[in-house]
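This report concerns helix packing and salt bridges in one structure.

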Amino acid sequence: INAEYGEAINSLKDIIKKKDDEIKTQEEKYKRFLGKAKQVIKAIDPKGAQSPSPDTAALRKQLAEKERALMRMEEEAERLKTAREREERMVLSAWYEMGMHVHKKGLEERLQPQVNSPRSLMSQKRSDLRRSTVSGKSPSTLR
């Protein structure tokens, strides 16, 4: 059981690490897009004046598309982050439950009374006396 839990936990940790790596690469990509978009804005309209050029309109349209794509990617990154956090909580919960199960099992094993061994000196003497009367020996010869 412990090996199965360990394997499950390790596989979940690997999945979480892969998701983190994916999120980091996406964030880097988003930052590059944002930087390029800012450069385009500065190049198109450095003083804030409107330019009726068709190139400018096309670039503005591309910029708007990139910003929408960026927003979608940011939402996806947030969703992946939430999923990763949920998976981490599940792994921790499973780990805790497994530890509690192992601890409980160990306690139960230690607390089970020994079936064949008497608990006290008086119990031992009583057992000896019962065995001696069954075998036919008298209690005085047991000393």
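The model is predicted, with pLDDT of at least 70 needed for local features and 80 or more for side-chain atom pairs, while totals for chains, interfaces and linings use all residues. Residues are numbered from 1 along each chain as its sequence is written, and side-chain values use heavy atoms, without hydrogens and water.

Helix α1 spans residues 2–44 and helix α2 residues 54–111; their axes come within 9 Å and cross at roughly 160°. This makes α1 roughly antiparallel to α2 (an angle over 145 degrees). Helices here are DSSP runs of H or I with at least four residues, and axes are lines fitted to C-alpha atoms over the stretch in contact, with angles from 0 to 180 degrees between N-to-C directions. The residues of this contact comprise 23 nonpolar, three polar and nine charged (charged being Asp, Glu, Lys and Arg; nonpolar Ala, Val, Leu, Ile, Met, Phe, Trp, Tyr, Cys and Pro; polar the others, Gly among them).

Three salt bridges are found in the whole structure, each a side-chain nitrogen of Lys or Arg within 4 Å of a carboxyl oxygen of Asp or Glu.

| Salt bridge | N to O distance |
|---|---|
| Asp20 and Arg84 | 2.5 Å |
| Arg79 and Glu76 | 2.4 Å |
| Arg84 and Glu88 | 3.2 Å |

Arg84 and Glu88 are four residues apart in α2, about one helical turn. Salt bridges with shared partners join Asp20, Arg84 and Glu88 into one network. Arg84 counts as buried at 16% relative accessibility (buried is under 20%, exposed over 50%, partly exposed in between, with a 1.4 Å probe and protein chains only), whereas Asp20 is partly exposed at 22%.

Terms used: Helix = DSSP H or I, 4+ residues; strand = E, 2+ residues; numbered from the N terminus. Parallel < 35°, antiparallel > 145°, perpendicular 65-115°, else oblique.
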